[in-house]
Amino acid sequence: MATMGTTADETSVLDVAKAYIGRKYNKPGSVYLGVVSRLDSLVTGALVFARTSKAAARLSEQFREHRVSKTYWALVSGTPDGQGGQLEHWLWRDDAARRTRIAARQRAETQLARLQWTLLATDSKTSLLEVQLETGRKHQIRAQLSHIGLPILGDTRYDSSAPFPRGIALHSVALSLTHPVSKETIAVHAPLPRSWKRW
């Protein structure tokens, strides 16, 4: 399900969240929700919405300044070299192919992308990686893991030939951020969906 921006006959996560807030707080008419984070429509997991424009601005600033901790789990084909490491690449958007690509060097149209990965489990054909996202580029995890020969299950756009029951095997498992008003640390954990059950 897309986070937002769907056509009139499709439902987005934003639509579902607005309906939930309307019911929970008995709000008639239109409900405001600010979209603070997004996930690709094939990806599952935790998202952040803001209930006021001031909260949206403060939370968006945290994301922009990389003060939000974002943890993903990815099921990939193959076994990585080692138990973990950092990936750093220059990415560019190939809009014609609707892909993010890795550039050999920095250019005017590229953006730096960084992530940390840790191997959690492997059975020689499939590996479970935990990914700490340091930057938030479009399709970043998908492009970077595919580039090092570890495509995410089900992600045919990024060279996977391994099937996955629904969407792709990338899940936003945890988010940690500062509440925009109380300043308390908010830690969110998203349980794995049923599509991960056999793994």
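**Entry: the loop with Arg98**

I started with Arg98, which is found in the loop between β5 (84-94) and β6 (99-103). This is a predicted model, so I keep in mind that local features need pLDDT of at least 70. I looked up the backbone next and found phi of Arg98 near 55 degrees, a positive value in a residue other than glycine. I noted it since most residues other than glycine have a negative phi. Is Arg98 buried or exposed? With a relative accessible area of 53%, Arg98 is exposed, because the cut-off for that word is over 50%.

**Entry: other positive phi values**

I went on to Asp159, which also is not a glycine and has a positive phi of about 75 degrees. I located Asp159 in the loop between α3 and β9. Lys183 came up as well, with a positive phi near 70 degrees. Lys183 belongs to the hairpin of β9 and β10, where six residues stand between the strands.

**Entry: a positive patch**

Which residues gather in a patch of positive charge on the surface? I wrote down Arg38, Arg98, Lys138 and Arg157, so I was back at Arg98, an exposed residue. I then checked Lys138, which I found in the loop between β8 (126-133) and α3 (140-147). Lys138 counts as partly exposed, because its relative accessibility is 47%.

**Entry: salt bridges**

Side chains of opposite charge can pair when their charged atoms come close. How many salt bridges does the count come to? I got nine, and I looked at some of them one by one.

Arg142 and Asp40 meet through their side chains in a salt bridge, at 3.0 Å from N to O. Arg142 lies in helix α3 and Asp40 in the loop between β1 (34-35) and β2, so this pair ties together parts that are 102 residues apart in sequence. I checked the cover on Arg142 too: at 3% relative accessibility, this side of the pair counts as buried. I also found Asp155 here, linked with Asp40 and Arg142 in a network of salt bridges.

Next I took Glu65 and Arg67, a salt bridge whose closest N and O atoms are 2.9 Å apart. Glu65 is partly exposed at 42% relative accessibility, and Arg67 is partly exposed too, at 45%.

Then I turned to Asp95 and Arg93, where the closest N and O atoms of the salt bridge are 3.9 Å apart. The cut-off is within 4 Å, so I kept this pair on my list. Asp95 is exposed, with a relative accessible area of 58%, whereas Arg93 at 30% counts as partly exposed.

**Entry: the partners of β9**

I finished with strand β9 (residues 170-178), which I traced through its pairings. Strand β2 (residues 44-45) runs parallel to β9, and two bridges join them. Within that pairing I picked out Gly45, whose bridge partner in β9 is Ser172.

How many bridges join strand β4 (residues 69-77) to β9? I found six, and these strands run antiparallel. One contact I noted there is Ser69, with Ser176 as its bridge partner in β9.

Strand β10 (residues 185-189) also pairs with β9, in the antiparallel sense and over five bridges. In this pairing I saw Leu177 standing opposite Ile186 in β10.

Terms used
Residues are numbered from 1 along each chain as its sequence is written. This is a predicted model: local features need pLDDT of at least 70, side-chain atom pairs count only at pLDDT 80 or more; totals for chains, interfaces and linings use all residues. Side-chain values use heavy atoms; hydrogens and water are left out. Patches are made of residues with over 30% relative accessible area and no salt bridge: like charges are joined within 9 Å, nonpolar side chains (Val, Leu, Ile, Met, Phe, Trp, Tyr) within 5 Å. Accessible areas come from the Shrake-Rupley method with a 1.4 Å probe; for residues, only the protein chains shown count as cover. Lys and Arg count as positive and Asp and Glu as negative; His and the chain ends are not counted. The place of a charge is taken as NZ of Lys, CZ of Arg, CG of Asp or CD of Glu. Helices (H or I, at least four residues) and strands (E, at least two) are DSSP runs, numbered from the N terminus. Buried means under 20% relative accessible area, exposed over 50%, partly exposed in between (1.4 Å probe, protein chains only). Two strands pair if DSSP finds at least two bridges between them.
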